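Open the model in your viewer and keep the selection tool at hand. We will go stop by stop.

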Amino acid sequence: MSFCSYYLEKRVLHFKQPAGTSRGVYLTRKIWLIELTDGERQGVGECAPLPDLSCDAMSDEQYASILNKVCEDFCKTGEIDYDFLRDYPSMLFGLETAWLNLQKGEKLFDTAFARGEVGIPINGLVWMGNYEEMLARLEEKLEKGFRCVKLKIGAIDFDKELDLVKRIRERFSFHEVELRVDANGGFKYEEALYKLELLSQYAIHSIEQPIKQGQWSYMAELCRESPLPIALDEELIGVNDPETKRHLLNIIKPRYIILKPSLHGGMMGCREWISIAKDMGIGSWITSALESNIGLNAIAQFASSVYGDHITMPQGLGTGQLFTDNIPMGLTIQGDKLFLDKKG
């Protein structure tokens with residue numbers, strides 16, 4: 001007798017504006033929804049691999065085949081096969097979410113955020129574009145009250161990106177606006193330190209992934225020499241074994257790691273990363289990876305369970321308004337905080 005039954009639905013979401021990174025521009029976003037039911041209750045989770053980035057990115061046919069098998073096995077046993085799913089983080093995250101939703105209902109975790117009592121501070125995200133586009137997006141975020149802004153850099157002329165940073169600092173001190181930059185691996189190693197030194201003039205909180213992942217010795221050298229704190233993101237993708245996680249952090253020694261459950265091992269894998277990093281004095285925060293509101297809701301509730309009811313470090317959870325056809329959910333941004341509407 002089956003423990004539960006499942007249904008998979010593939011959807012394509014459409015961006016309101018092209019989402020540019022140094023790896024390319026996203027116009028659409030493909031996701032799979034897992035719907036579990038035990039006959040009385042239902043639970044929904046989102047699987048959202050990113051092409052050319054996720055360690056479990058593959059053809060639609062392959063992905064659907066493996067995901068079907070994963071769901072079949074779960075519905076027979078009621079147990080998540082974490083050992084197998086370590087290498088399929090987007091599937092693991094979707095199944096974890098659906099299972100929590102089935103058991104717990106809308107409040108996946110018993111936190112003040114999940115109860116609608118407090119908001120989570122988030123950064124305002126400025127996507128890559130030409131200079132005028134990025135400047136306009138930056139102005140919009142500041143006008144909306146964001147006190148932490150993250151700039152995607154590495155696509156246009158670096159001098160123009162530096163000028164954007166300079167403009168922010170001419171208007172707002174680092175006490176007023178925290179500034180983060182994300183290079184998405186866009187710098188060449190030979191020029192990275194020089195660019196980091198130029199950026200460091202403007203009191204920047206941190207830079208994400210200045211060079212491409214997989215260059216541990218180069219990244220370790222940059223972390224030692226950089227006047228800017230370095231945060232790892234893409235570097236962590238595909239590193240799914242706990243001992244390898246510890247080995248990587250011990251060699252590179254970043255100041256921060258940035259965790260996306262869809263990319264970095266689901267909720268289980270992110271908890272491992274955070275625990276190992278904490279042992280080494282390395283900070284962390286959690287971000288979404290262009291999921292729909294179903295995934296974003298789960299990630300935000302997960303962050304509140306990891307960091308507690310009084311999060312002070314801005315998280316990367318401001319992606320819920322990117323799509324023209326997002327899935328409705330009670331997530332709202334008020335000022336620079338993300339809230340979940342109170343239910344009942």
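Select Leu259 and Ile286. Ile286, in strand E11, is the bridge partner of Leu259. Now widen the selection to strands E10 and E11 (residues 283-286): four bridges join them, and they run parallel. Two strands count as paired if DSSP finds at least two bridges between them. Helices (H or I, at least four residues) and strands (E, at least two) are DSSP runs, numbered from the N terminus.

E10, H9 and E11 make a right-handed β-α-β unit. To check the hand, point the strands away from you: in a right-handed crossover, the path from the first strand over the helix to the second runs clockwise.

A word on what you are looking at. This is a predicted model, in which local features need pLDDT of at least 70 and side-chain atom pairs count only at pLDDT 80 or more, while totals for chains, interfaces and linings use all residues. Residues are numbered from 1 along each chain as its sequence is written, and side-chain values use heavy atoms, with hydrogens and water left out.

**Next stop: an open sheet**

Select E4, E13 and E12. These three strands form an open sheet in the order E4-E13-E12, with antiparallel pairing. Which strands stand at the edges? Strand E4 (120-121) and strand E12 (331-334) do; each has a single partner strand, so one side of each is left without a neighbour in the sheet. Zoom in on E12 and strand E13 (residues 337-340): four bridges join them, and they run antiparallel. Pick Gln334, and its bridge partner in E13 is Lys337.

**Next stop: salt bridges**

A salt bridge here is a side-chain nitrogen of Lys or Arg within 4 Å of a carboxyl oxygen of Asp or Glu. How many salt bridges does a search of the whole structure find? It finds 18.

Start with Lys260 and Asp233. They form a salt bridge, with the closest N and O atoms 2.6 Å apart. The pair links distant parts of the chain, 27 residues apart. Lys260 is in the loop between strand E10 (256-259) and helix H9 (266-279). Asp233 is in the loop between strand E9 (230-232) and helix H8 (242-252). Both Lys260 and Asp233 are buried. Buried means under 20% relative accessible area, exposed over 50%, and partly exposed in between (1.4 Å probe, protein chains only).

Move to Arg171 and Glu139. Their salt bridge brings the closest N and O atoms to 2.6 Å. It links distant parts of the chain: Arg171 in helix H5 (residues 158-171) and Glu139 in helix H4 (residues 131-143), 32 residues apart. Arg171 is partly exposed, at 45% relative accessible area. Glu139 is partly exposed too, at 27%.

Now select Asp110 and Arg115. Their side chains meet in a salt bridge of 2.5 Å, N to O. Asp110 counts as exposed, at 70% relative accessibility. Arg115 counts as partly exposed, at 29%.

Lys150, Lys152, Asp182 and Glu208 are linked in a network of salt bridges.

**Last stop: two backbone angles**

Select Asp52, in the loop between strand E3 (42-47) and helix H1 (60-77). Asp52 has a positive phi of about 65°, although it is not a glycine. Then go to Gln209, in the loop between strand E8 (206-208) and helix H7 (216-225). Gln209 also is not a glycine, yet has a positive phi of about 40°.

Is Asp52 buried or exposed? Asp52 is exposed, with a relative accessible area of 78%. Gln209 is buried, at 0%.
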